[in-house]
Amino acid sequence: MTGPKSAEDQTWGAFGVDFTTGPGHAVLTNAWVCAKEAPLVNNCVDSWTGIPIKVPLMGLTPYPADNIKDQESNMFVTITPVGMTTVGAGLGGGTVRSKYGETYSKLAVPISGNPLHADPVRLIETKQAANVQSGVGIMVTSAKILSTLTAARALYECNNGGSAAPLSNELFQQWAAELIDPIILQSASIMNVKLDILCLSGTCSQDATNALQAVTRELQDIKDQYDSLDAKSSPVPLSLYDDLVRITKLARIGQEDLYNSIRSCCAANPTAPYGAPLLSAFVSNVNNLASAAPVSLTEIQRALKLQGDGGNGVKLDFENGAMGMVGTLLNSGGITNCKGEITGLLSGNISEIQTDTNGQFVFQNPEAARFKFGIDYPNSDCRDSVTGVRITFPMKQDVPLTTATTITAISLLTRPAKSDPTVLKKIPKSQRQSLVPAYLWTHVYGLYGFNAQELDVDFLSFTGSALRLSSPRAAQVIGAIAQTMSTYTSAYALLGGLFSEQVSSDSLATCIVSATYDVLTAKQGTVAAAVLTDATGITSIYEKAYDGCAPQARRRLQQAGFFAAMTEEQFKARQQLFNTSASILSESNKQIQQTVVKAKAAADQKAKTFDSAAAMVGVSHVAAVQQGQFATELRELAQQVAKDPVVSQNSSNAVQLEQLQKNYTGAGLDQKIAEQAAIITPAIIQVALEDLGEKMIVTPEGKPMPAPQAAEHHGLSP
């Protein structure tokens, strides 16, 4: 509960002092005290989730004697679900402040100040790491408590039916005393025992507990991230807004969807009377349920005082009449006819989008947004205009308000970079209030040795003469993009094959991009190429991505599998698969690196005789093999290893691994590349560059119109 925002917002409930010398308590409920507590729709509405809470909030208020001992505590009290267990401690010794302190400590919520005053929104508004840590901790724990007690209420109503005794504040307080404990909240088995003791067990209770655990685990993952911050020196993560939105969405499905699902289960008819998802959906599909949950983004933004531009002055362009944002999905060439969606980070509006035959798209009335492209969308092709290969790797990118952007395999690294404390400390002061600071692009391209300031380029908009696709520097950049995308696609093939359908494509991509970023930044001063051309470095990416996604697969199946508690044989099979793939990819990435090194030398020396088109042809030949045939065969082999994890000598898997190595290294790789020479020619490169070179502008009618004379501004002219 964030409290009333205006005179029209009334909080219903009662406040009382039991005895003139005894404890006081506050009760906030969606029904009048002393009345049958059926929910009243318009009362006690949470301003972030947008739903009435189904649980009365309670907490001790300062004893009269505390006014003398601790005048500060008597100023005001913040009642949150975290403090509900203080009511049961009301008659014990100690001050109310000490009781709140004990409660917050027991539930592992760090509070640096007076726990009586711990308003999570006010704490987060300060943007100080210690306060944000506390605020997020309160919100996560509150969501877990409300979800747990709401589930208890649903089970109570299931068991008692129409003859149920009226719910009472005392009953909720009893449930809180028994269930609100960190060990119980994390253990389905202990929770089930407690429910039985409270007479809340029944046909649906175990499924309800599993569903509840699916929600609370996701919430705990967010809290763990903030608990790991150094409260004294860590900057506040740029993902704070995303994290608060996710907490709110999880809180909503934990209190609304889960309640309805439990009642539907009890009705012995999954579609009536509530039309809620099956309880099993929370275990297998909790992320999709949370993503679809409607919440009030405006209220969250108000608390954070957010900016949607990149903090680089681009907002002025739109104030001065710019009408749309031009984007490009770039690999070796533009990624064409690729469908996806745009989600406004501030508005929450979702719209469909598709790249054209050049790999470009236009975003009308732009704002800070999350772009998602992939082959999972109906009739989405996502084909590279140069290599002709279908790009299977999903691309998800947050972009600030800007006039132009180019999404590449390298720019995808800006998402994990948002949570890197080292990066956060380097963000210019003018960009620190931005949801997506423009500096992130400077940083991730810097990992590859590209210095945006020295090159006089802007990687967010992909502008500057050095990025003209006819320049040697552009050939160097395209080579680095190819190495990165090929690493992504090989990891995607491996993990997709091993995990089968147990991890969503979106989650796989997130794990892979995050793992790549972690490995690239593990050793300070190491340029990305040193990792992406080294078999050991690539294997590390595979392992980190695998470890990141394995828990999701394990949760989805609720049992141990190839991806969970592996046997020695399974582990050996996985490592052999990873090592062989990494060995193959590192060799082909070294071929691309030879071109990258030559292009860099030509750019540094300002050589006028360097053939950029020929360099890009060479890069594209290798990339086509890596991202096409190799990725396809690798996925098929990974699927086979998952079914039969045997790699002993002369086994079918061992023979196929040996053949894969032979086909895609040495003479085998040379043959594969030679086959691409007849397909990918300098002429194809030239056409692709000319197509991308046409800067798109948006007419007042909302139609894109080419403007070749402005192409140099976008850094896309031939």
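This is a short tour of disulfides, a pocket and aromatic contacts, with something to select at each stop. The model is predicted.

**Stop 1: the disulfides**

Start with the cysteines. The structure holds four disulfides. Number the bonded cysteines in sequence order, and the pairing reads 1-4, 2-3, 5-6, 7-8.

Select C158 and C266. Their sulfur atoms are 1.9 Å apart, and the two form a disulfide. C158 belongs to helix α4, residues 129–160. C266 belongs to helix α9, residues 240–266. The link joins distant parts of the chain, 108 residues apart. Turn the view to look along the bond: the angle about S-S is 100°, and the link is right-handed.

Buried would need a value under 20%. C266 is partly exposed too, with a relative accessible area of 32%.

Now select C204 and C265. This disulfide has its sulfur atoms 2.0 Å apart. C265 is in helix α9. C204 sits in the loop between α7 (188–197) and α8 (205–227). Again the pair links distant parts of the chain, here 61 residues apart. The angle about the S-S bond is -95°, and this link is left-handed. Check the surface at each end. C204 counts as buried, at 4% relative accessibility. C265 counts as partly exposed, at 27%.

C199 counts as exposed, at 59% relative accessibility. The cut-off for exposed is over 50%.

Next, select C338 and C382. They form a disulfide with sulfur atoms 2.0 Å apart. Both ends are in loops. C338 lies between β5 (335–336) and β6 (339–344). C382 lies between β9 (369–373) and β10 (383–384). The two cysteines are 44 residues apart, and their link joins distant parts of the chain. It is right-handed, with 70° about the S-S bond. C338 is buried, with a relative accessible area of 2%. C382 is buried as well, at 1% relative accessibility.

**Stop 2: the second largest pocket**

Select K426, Y439, H443, G446 and L447. Of the 26 residues that line the second largest pocket, these are the closest to its centre. The pocket holds about 650 Å³ of space.

Which helices each supply at least two residues of the lining? Colour α14 (421–426), α15 (439–446) and α16 (452–455) to see them. The largest share comes from α15, which gives four residues.

Then colour the lining by class. There are 10 nonpolar, 12 polar and four charged residues.

**Stop 3**

Show the aromatic rings. The structure holds 13 aromatic pairs. Select Y445 and F459. The ring centres are 4.1 Å apart and the planes meet at 5°, so the pair is stacked. Y445 lies in helix α15, and F459 in the loop between α16 and α17 (472–499). The pair therefore ties together parts that are 14 residues apart in sequence. Y445 counts as buried, at 0% relative accessibility. F459 is buried, with a relative accessible area of 2%.

**Stop 4: an edge-to-face pair and a charge**

Move to Y546 and F578. What is the geometry of this aromatic pair? It is edge-to-face, with 6.0 Å centre to centre and 75° between the planes. Y546 lies in helix α20, residues 535–557. F578 lies in helix α21, residues 568–604. The pair therefore ties together parts 32 residues apart in sequence. Both Y546 and F578 are buried.

R574 lies over the face of Y546, at 4.3 Å from the ring centre.

**Stop 5**

Select F361, F363, F371 and F373. These residues form one aromatic cluster.

Finish with K54 and Y259. The charged end of K54 sits over the ring of Y259, 5.2 Å from the ring centre.

Notes
Residues numbered from 1 in each chain as written. Predicted model: local features only at pLDDT ≥ 70, side-chain atom pairs only at ≥ 80, totals over all residues. Heavy atoms only, no water. Disulfide = S-S within 2.5 Å. Buried < 20%, exposed > 50% of the residue type's maximum accessible area, 1.4 Å probe, protein only. 1 Å grid on protein atoms, 1.4 Å probe; cavity = no way out; pocket = protein on both sides within 12 Å on 5 of 7 lines; lining within 4 Å. Points joined across faces, edges and corners; volume = space filled by probe spheres on them. Nonpolar A, V, L, I, M, F, W, Y, C, P; charged D, E, K, R; others polar. Phe/Tyr/Trp six-rings, centres within 6.5 Å; stacked < 30°, edge-to-face > 60°. Lys NZ or Arg CZ within 6 Å of the ring centre and 35° of its normal.
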